[in-house]
Amino acid sequence: MGKEEKMRKIHSLSRIALGAAILGAGFMNANAADETIRQLAKERGRFIGTILNSEWFNDDIEPEFQEIHKTQFNVVVAENEMKFDATEPKEDEFNFEKGDKMIKYAQANGLRVRGHALAWHSQVANWVNNYSGQKEKLLAVLKNHITKVVSHWKGKIAEWDVVNEAVNDDYNADWRSTNSVWYEGIGAEFLDSAFVWAHKADPDAELCYNDYSLEWGLREGSKASFVVEQVKRWKANGIPITCVGTQTHIEIAHETTPQNVRALAKALAELNVTLNITELDIGFPKGSAGKLTEADYAKQGHLYRQFMDVFLEEPNMGEFVIWGLTDAHSWLDEQQGKTEGLLYDKQYKPKPAYDSVMASLKAHPASEVKTPYSETVLNPPKDCGDESCGDSIIAIKPSAIANNISIHIAGRTLFITGVIAGKNAKVDVFDMQGRPIFSTKCEKGRADLSSITEGLYVVRVHDGSTSIVKKISIK
Ligand code: G3I
């Protein structure tokens, strides 16, 4: 079947499925029309998302993918397009085209962006191997790469996987010492340096150590315990790490993993470090494809629910990212001998796992879920570059206003007093659906809103560290 024919067939199939999903007639009883994961995540001060698959970057994916993606999720990661081989295919010649495409999409749709990944032994451009074993040269190559990539997306990527998968696979955890051009040439100091260079290039970005098999638990010699020990050392030495990512590629039989992730979150909380679930999928053995029963899907849903419960209950967890949206596009089938590990099936119908994630969110009211993020991180000032911010919206949730701050409107002038009335304060006005309609600066404690017509609005005043949201009536 030719590419065009294939796409046409998928489109017609998936259009029916999307309709079903949106009307709530999906796999089981998902009701995507009324509430979305995105909306419930945002109300809880958390980020839940999936990758943009490589097919999306190549415009080789069903339109339903993006529709669901931007409606259901509020954080995004590139499957392959921000990795070393994609961003620096030739020495000191950078290619940011695909990454920029994602940033534009994220900005237009109000999505947080995770950057993946800066220093990793895999998907390194071939030319780097020309310098195998040359410590000084490899340090210079890695420094140049991290500095230029992080600087290019400074302020646009909220969080980077600075080092990915640097610990080995056996039960006596230690640094990965083979098949890693960085470790073999530089030694473990490449990790410390990578965090320092990334921080220098974007001091506001969150910086993570990311790895797999951390969900196997804390115990003598385990990968998770080794990572916690390194985080302790990094924090003690002033290395600017702020988060750990547990990839969490698991199988349906791995029933103890959610509670292992909880224990890891608690250990990292003591070090003032956030734990994010960064690549979750819960696969079935590939041989079971076509033979799976309702009970199997319910079991998968139960595991998703347990991970979401842990995520919402642990105050130092911030992001929950699934490594794919639909079983139609997943590395599990292509590379893992596993299958059907995601929230949507191959026809884009939400699975019981989707219902379970929603059920967990609803069982944890916003008032009880703590967020590790500041108001500015949760509602960042808009930066749409030269583009319109499209259909991006803010949640209309007036914030508590501190005693020393006052915001009131008289006629068409907004008066602001207190700590946010300085000359750097920005004033954004949104309609009651949360769509941005006007922006200006606070000048001498005032903002002129004379161009806005009569009506009810939401105003946000922010100065980079504090952000206040209030409903106003312009008469
Ligand atoms: O680069 C070629 C491309 O030119 C060609 O058109 C294409 C056709 O098949 O193949 C291309 O590269 C593939 C690439 O994905 C882009 O599609 C590679 O062969 C393939 O190995 C690569 O797989 C990726 C894998 O990382 C590589 O390690 C998967 O898509 C991606 O999902 C997976 O993601 C990793 C995370 O980064 C880290 N944690 C584990 C996770 C799953 O393996």
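Contact here means heavy atoms within 4.5 Å. Helices (H or I, at least four residues) and strands (E, at least two) are DSSP runs, numbered from the N terminus. The model is predicted: local features need pLDDT of at least 70, side-chain atom pairs count only at pLDDT 80 or more, and totals for chains, interfaces and linings use all residues. Residues are numbered from 1 along each chain as its sequence is written, and side-chain values use heavy atoms, leaving out hydrogens and water.

Start with two helices. H12 covers residues 294-313 and H14 covers residues 352-363. Their axes come within 8 Å and cross at roughly 30°. That makes H12 roughly parallel to H14 (angles under 35 degrees). The crossing is right-handed, meaning that the near helix is turned clockwise from the far one by less than a right angle.

Which residues of H12 and H14 meet? From H12 they include Tyr297, His302, Arg305 and Met308. From H14 they include Pro352, Val357 and Leu361. By class, this contact has 10 nonpolar, five polar and two charged residues.

Now turn to the strands. Strands of a sheet pair through backbone hydrogen bonds, either parallel or antiparallel. Here three strands form an open sheet in the order S11-S12-S15, with antiparallel pairing. Two strands pair if DSSP finds at least two bridges between them. S11 (406-410) and S15 (446-448) stand at the edges, each with a single partner strand, so one side of each has no neighbour in the sheet. Neighbouring strands are turned by 20° against each other on average, direction ignored.

S12 spans residues 413-417 and pairs with S15 over three bridges. There, threonine 413 has aspartate 448 of S15 as its bridge partner.

Definitions and conventions
Axes fitted to C-alpha atoms, helices over the stretch in contact; angles between N-to-C directions. Parallel < 35°, antiparallel > 145°, perpendicular 65-115°, else oblique. Nonpolar A, V, L, I, M, F, W, Y, C, P; charged D, E, K, R; others polar.
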